[in-house]
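Here are my notes on this model, as numbered points. Please read them with the structure open.

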Amino acid sequence: MNSIRKAAVLAISLAICALPLLRADVTIHLKTEMKSLMPLGMPADTPQVIRMKGNKGVSSDGNEITIMDFAKQEITLVDTAHRKFAVIPASEYGSRMAAIMPQMGMGDLPAGSAKSKVESGKTGHTETILGVGTEESETRFSMEVPLPAGLQGQALTMKIVTREWNVLPAETARVPAIHQLMGFNLWQDYFMGDAEAIKKMFPQGGAAIADGFRRSSTTLRSSTKMYMNMPGVDSGAPFMEMNYEITELSTAPVDDAFFEIPAGYDATTFGELMNGLKQERLQAAKDQQSNQPAKPEKPDTRKRSSA
């Protein structure tokens, strides 16, 4: 049944990308902001640009460029800092990305020991974003994981709350850029979805997280907050927060050069290229943190004894 669903999603996404209405060039600007109580291994603020033209799409994110050929079902990753590129079948992208993700399990826990719950629904709120009508939905995921032996009676609890502003169904047919973005998202989720990576990172509850947050609509804005109840962490404050927003939609002509590998770049393996990009993100995160202004010291309000 799962293979049938995947085949249907792929057929729909390819059909959408092939519609004459969607042949218009599209440029999408978006930004992602992250905050965390722990140091991040990536820049906190990340601007990104997505361009589409015909049967191709390209995503530019810092020094990383991802070129997607919808017809060939092929993905080309480009590292502009090291002038290298790697080409892989789109069908291998998800598993290869999952293989390099760290595991965040809690030791050797019995199968099924983690308890999880997902609740989702529409809030009834609507908003116009970039001239496009959207409606808000909210998803709440909670998970309780017993801690390893030696800490009996204790458990780590995690809660994730996501609010999304999704495009109203009628707007998809009205706005060509949104229509094409829907097809792009379906193709990207099919080949480049992060479900396998999430399951690798959270062995005790990753499947529930991936299923609970599976994208079913075109999202123009989202806000996600993660809460953790563990020693040394304020459970009332978000442990991590991520905000995503599309800031510009354009149907201006897009140059063919955006979808080509720059001249003078050398071919390399997927693993070597991703390792280089990882080191660049870590360095960018360090640079961003070092440039942040120092927090002002709190005034000393202790009473001083008179001489």
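1. A cut-off comes first: a residue is called buried under 20% relative accessible area, exposed over 50%, and partly exposed in between. Note also that the model is predicted.

2. Look at D25 and K53. Their side chains meet in a salt bridge, 2.8 Å from N to O. K53 lies in strand β2 (residues 45–53) and D25 in the loop between α1 and β1, so the pair ties together parts 28 residues apart in sequence. D25 has 11% relative accessibility, so D25 counts as buried. K53, at 24%, is partly exposed.

3. The structure holds eleven salt bridges. One of them joins E92 and R96, with the closest N and O atoms 2.7 Å apart. These two residues sit four apart in helix α2 (residues 90–99), so about one helical turn separates them. E92 is partly exposed at 28%, and R96 is partly exposed at 31%.

4. R221 and E127 also meet in a salt bridge, at 3.1 Å from N to O. This pair links distant parts of the chain: R221 is in strand β10 and E127 in strand β7, 94 residues apart. E127 is partly exposed, with 32% relative accessibility. Elsewhere, salt bridges with shared partners join D25, K53 and D256 into one network.

5. Now the strands. β5 (residues 74–79) and β6 (residues 84–89) pair antiparallel over six bridges. T76 has V87 in β6 as its bridge partner. Four residues lie between the two strands of this hairpin, and R83 in the turn has a positive phi of about 55°.

6. β6 also pairs with β12 (residues 266–267), here in the parallel sense over two bridges. In β12, D266 stands opposite K84.

Key: Residues are numbered from 1 along each chain as its sequence is written. This is a predicted model: local features need pLDDT of at least 70, side-chain atom pairs count only at pLDDT 80 or more; totals for chains, interfaces and linings use all residues. Side-chain values use heavy atoms; hydrogens and water are left out. Two strands pair if DSSP finds at least two bridges between them. A salt bridge is a side-chain nitrogen of Lys or Arg within 4 Å of a carboxyl oxygen of Asp or Glu. Buried means under 20% relative accessible area, exposed over 50%, partly exposed in between (1.4 Å probe, protein chains only).
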